[in-house]
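Take a look at the model below.

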Amino acid sequence: MKHGIHFFDCSVFMKAIQDFTAVIKEDPTNAQARLYRGRAYVKQRRYRNAIQDLAAAVHLDPSCWLAFYYRGCILRQTDPKRALQDFSVSVLINDTKENICSFLHRGIVYSEQCQWSLAICDFESVLALDSSVIFAYLNIGLILLLHLDQYYEAIQQFTNVIGIDPLHVRAYVCRAQAYHKNHDLRNAVKDINRVIHLYPDKSRLYIIRGQYLVELKKDELASLCIQQFAEMDEESFMSQPVQQALVQSFCQNHDKAIECLYGATASKPEPSTLIILGKIQMKANKTKDAVRSFKKAMNLLMSSEKILPKTFETAEIYYLTGLCYVEQKSLLRARDAFSMAIRLHSRYPDAFYQRGLCRMQLKKAKCIQDFNRALALCPSHFQAYMALATFYGSQGRYFQAILNCSEAIKIIPNSVQAYFYRGILKCQNKTFASAIEDLSEVIDLNATCILAYYNRAVCYHQINDFRKALKDYGIILLLELSEEIAFKVLINRGLLYMELGDYANACEDFKGATLLSPDDSQIFQALGICYYRIHEFEDAVRSFDQALKLDPVSVDAYIGRGNSYMESGDEAGCKKAQKDFLRAIHLNPKCVKARVCLAYNLQVLGKFQRAWNQFTVAICMDPKCLAAYDGRASVCLQMGETFAAFLDTNAALKLATTAPLLTNRGFINHLMGHLTCAMKDYQQAISVDSNYALAYFNAANIYFQNRQFSQAYCYYSKVLQLDPRNESAIMNRAVTNTLLNNTEEAKEDFEKAICLCPFSAAVYFNRANFYNGLKQYELAEKDISTALSIQPNNALMYKFRADIRGKLGFNKEAVEDYKQAINIQDQIYSM
């Protein structure tokens with residue numbers, strides 16, 4: 001036995017086999033001798049004998065992991081299933097570093113059977129036992145690159161190989177390919193450059209580098225690479241015009257390539273050369289010349305009986321001719337060419353696909369049959385699924401379209417086109433959250449996809465996620481984009497700002513839009529509305545003027561300009577506004593909005609009966625017009641028709657229960673002395689809108705009137721939380737604090753009221769009362785004097801100052817104030 005092992009180790013396999021055979025004759029149960037003889041037979045490629053010995057070794061010693069391993073190696077090509085079983089048993093018996101090759105070989109078998117995840121697990125097991133095994137890293141990287149499309153992870157694996165062996169050429173080439181797939185062309189070029197540095201005589205590497213440089217749009221460097229390739233084998237290169245033409249075409253020198261092939265076909269016309277010529281002419285956008293080349297090729301292929309052979313080559317010529325007709329927009333001729341290609345070669349998925357596209361553009365329902373046939377022949381035909389999605393989407397059958405996009409994504413998981421179109425379909429289907437997910441995936445794959453940001457912003461807008469919508473619109477405007485898209489973005493963002501009530505930013509967007517489209521009256525109209533909302537009424541008028549120059553019959557522009565004129569506050573502005581409202585009514589007598597605006601205008605001018613008439617006409621035209629009922633109620637109050645105002649407000653409340661309408665009805669009830677009903681209306685208004693300050697203020701006034709000062713104080717405080725600059729609420733709370741003996745708080749409120757209304761006689765009068773109650777007569781006398789300087793003809797204030805001066809001992813001045821009060825009162829009575 002030792003003698004045989006010695007010869008085996010020295011690779012003298014014949015003598016080793018003789019020695020092991022002698023041992024087996026003496027001891028047929030010697031498993032070790034069987035194992036060694038089987039291994040020796042393997043070395044001599046006597047696999048049948050080897051399998052017999054290894055099977056005997058396994059039978060004699062079931063724990064012999066080496067026997068299982070070697071038998072698995074022999075069976076790997078002929079019986080992969082049994083080989084997997086043997087490798088699995090081997091690693092089950094011995095899963096240490098000693099048996100690392102079993103993991104390695106089993107991973108290879110799994111790879112050959114396309115069981116990628118199992119193969120990766122085995123190669124990872126190899127690395128867990130020995131992290132320096134380059135072959136394992138390389139195989140994991142190739143599986144990730146070529147079969148699972150996980151390019152970033154593949155790059156990591158090839159980088160690990162390079163870390164172990166910095167001169168490993170294949171790792172650099174594979175990593176360059178992975179970078180290329182991941183659209184990282186700069187790093188791809190760097191890796192190919194490293195390989196060329198290590199092997200400068202490999203001409204194929206120059207072609208690869210040229211391809212990458214073309215994609216980087218570095219045409220001069222790419223041409224240099226092709227020249228280097230040609231110089232490396234110049235004689236062979238120049239003697240083969242077809243190869244020379246292909247290289248020139250690769251360098252985008254299509255004219256030179258065509259020239260080379262013209263010379264070749266002139267001397268020796270061959271169908272294959274003419275087909276290549278036609279393809280290059282297609283690349284050069286010379287489709288008519290390409291069609292002529294393809295026809296010449298068909299004539300050469302045609303038999304003496306004028307019959308074309310039913311081969312793929314012939315079918316491809318018709319297919320390429322069809323593509324040329326598509327470029328020429330000759331869809332009927334293109335369809336016929338694709339049909340001919342299908343007749344010559346019935347299993348041509350691309351021909352079915354292209355014919356389907358032609359039929360779809362010709363609005364023929366049979367296109368579905370062509371797309372389905374293409375998928376039946378080639379289940380991984382990405383573009384066929386996308387074409388089906390497009391067809392179903394155009395028919396409004398969004399669910400089927402989305403399903404086809406999903407199938408396309410299974411084929412190409414990183415397809416920007418498929419994710420984008422599926423996102424658009426989901427947006428059309430109003431499943432906005434799901435659409436956002438797809439459009440976000442597009443942005444992850446291509447961070448500069450403007451349309452993805454635009455449509456995602458629209459989706460965010462639809463689900464009221466305004467912050468993210470504004471962010472996306474902002475990103476789009478930072479990218480290089482066409483004026484058309486910039487215009488749409490500015491309009492959409494402006495409308496979004498308007499919806500948020502941010503009219504200042506909306507105004508800026510619409511101003512930008514007017515620069516891109518100065519003849520669009522609608523933009524100037526929107527700009528005018530924004531100026532109106534931010535109280536820049538002169539700019540609003542100018543914007544509406546421009547809108548009316550562009551569209552002289554725009555009713556909305558007349559109404560907008562009229563409302564802007566109204567804000568001037570003078571009679572001249574009101575007159576101009578009235579003219580605009582009348583023009584709007586002249587253009588559209590049924591425009592309720594124009595009549596309501598005219599009615600308010602007449603109300604401001606004090607023409608209550610005419611205003612009432614216009615509100616009434618508006619109500620007759622639109623019995624559900626809230627503004628008309630509310631406006632007529634306001635006019636009725638001014639005309640002293642309280643009950644009529646009450647009826648109109650009730651009619652408005654039947655249409656919509658809003659806090660302002662409830663507050664208005666409460667005020668009318670208050671005027672009519674129905675305090676309980678008024679309070680109910682104010683409380684209901686608060687329940688409808690807890691932030692409506694006027695309801696709290698009016699309720700507080702009723703509490704004050706009923707001497708419920710604590711409740712009045714609470715409600716006035718609530719008003720000031722909602723509207724801190726409400727001077728009436730501050731002054732009323734100051735008086736309430738006075739009556740509640742909250743001296744310091746009253747003093748603070750009076751100070752705030754004077755800061756807000758420094759020319760209000762009532763504020764000074766009330767504070768004088770406050771100081772009088774505190775017996776601070778000097779301060780009281782100062783405040784009442786200030787009040788009189790603002791309102792000098794008030795008999796009550798003169799009488800009050802006389803009382804205070806009497807308390808201060810200024811009797812002479814007090815008598816003069818009493819006399820002045822009497823004189824003012826006499827003048828009033830004499831009138």
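## The largest pocket

The lining of the largest pocket divides into eight nonpolar, six polar and two charged residues. Here Ala, Val, Leu, Ile, Met, Phe, Trp, Tyr, Cys and Pro count as nonpolar; Asp, Glu, Lys and Arg count as charged; the others, Gly among them, count as polar. The volume of this largest pocket is about 470 Å³. Of its 16 lining residues, Y151, K181, N182, H183 and N414 are the closest to the pocket centre. Three helices, α9 (134-146), α10 (151-164) and α11 (169-181), each supply at least two residues of the lining.

Some terms need their cut-offs. On a 1 Å grid over the protein atoms alone, a pocket is an open set of points where a 1.4 Å probe fits, with protein on both sides within 12 Å along at least five of seven lines. Lining residues have an atom within 4 Å of a point. Grid points are joined across faces, edges and corners, and a volume is the space filled by probe spheres set on the points. Rolling a probe the size of a water molecule over the atoms shows where empty space is left.

This is a predicted model: local features need pLDDT of at least 70, side-chain atom pairs count only at pLDDT 80 or more, and totals for chains, interfaces and linings use all residues. Residues are numbered from 1 along each chain as its sequence is written, and side-chain values use heavy atoms, with hydrogens and water left out.

## The second largest pocket

The second largest pocket holds about 250 Å³ of space. Which residues line the second largest pocket? They are Q525, I529, Y532, R533, F544, D556, I559, G560, N563, K593 and C597. Helices α32 (521-533), α34 (555-566) and α36 (592-604) are the elements that give two or more residues to this lining. By class, the lining has five nonpolar, three polar and three charged residues.

## The chain as a whole

The protein chain has 49 helices and zero strands. Both are DSSP runs, numbered from the N terminus: helices are H or I with at least four residues, strands are E with at least two. Of the 831 residues in the chain, 48% are buried. Buried means under 20% relative accessible area, exposed means over 50%, and partly exposed lies in between (1.4 Å probe, protein chains only).

The accessible surface of the chain comes to about 43,100 Å², and 52% of it belongs to carbon and sulfur atoms. Accessible areas come from the Shrake-Rupley method with a 1.4 Å probe; for residues, only the protein chains shown count as cover. Among contacts with a separation of 6 or more, 43% join residues 24 or more positions apart. Contact means heavy atoms within 4.5 Å.

## A buried glutamate

E781 is found in helix α47 (residues 777-790). Is E781 buried or exposed? E781 counts as buried, because its relative accessibility is 17%. Its side chain makes a polar contact with the side chain of R805, at 3.0 Å. A polar contact is a pair of N or O atoms within 3.5 Å; within protein, one must be able to donate a hydrogen and the other to accept it, and residues adjacent in sequence count only if both atoms are side-chain atoms. Not counting residues up to four places away in sequence, E781 touches R801, I804, R805 and L808.

## Two loop residues with positive phi

K329 lies in the loop between α20 (312-327) and α21 (331-344). K329 is not a glycine, yet its phi is positive, about 65 degrees. K329 is exposed, with a relative accessible area of 71%.

H535 is found in the loop between α32 and α33 (537-550). H535 is not a glycine either, and its phi is positive at about 65 degrees. H535 is exposed, with a relative accessible area of 59%.

K286 sits in the loop between α18 (271-283) and α19 (287-301). At 33% relative accessibility, K286 is partly exposed. K286 and C324 are 38 residues apart along the chain, and their C-alpha atoms are separated by 8.8 Å. M302 lies in the loop between α19 and α20. M302 is partly exposed, at 28%.

Y319 belongs to helix α20. Y319 is buried, with a relative accessible area of 12%. Leaving aside neighbours within four places in sequence, Y319 is in contact with F338, A341, Y348, D350, A351 and Q354.
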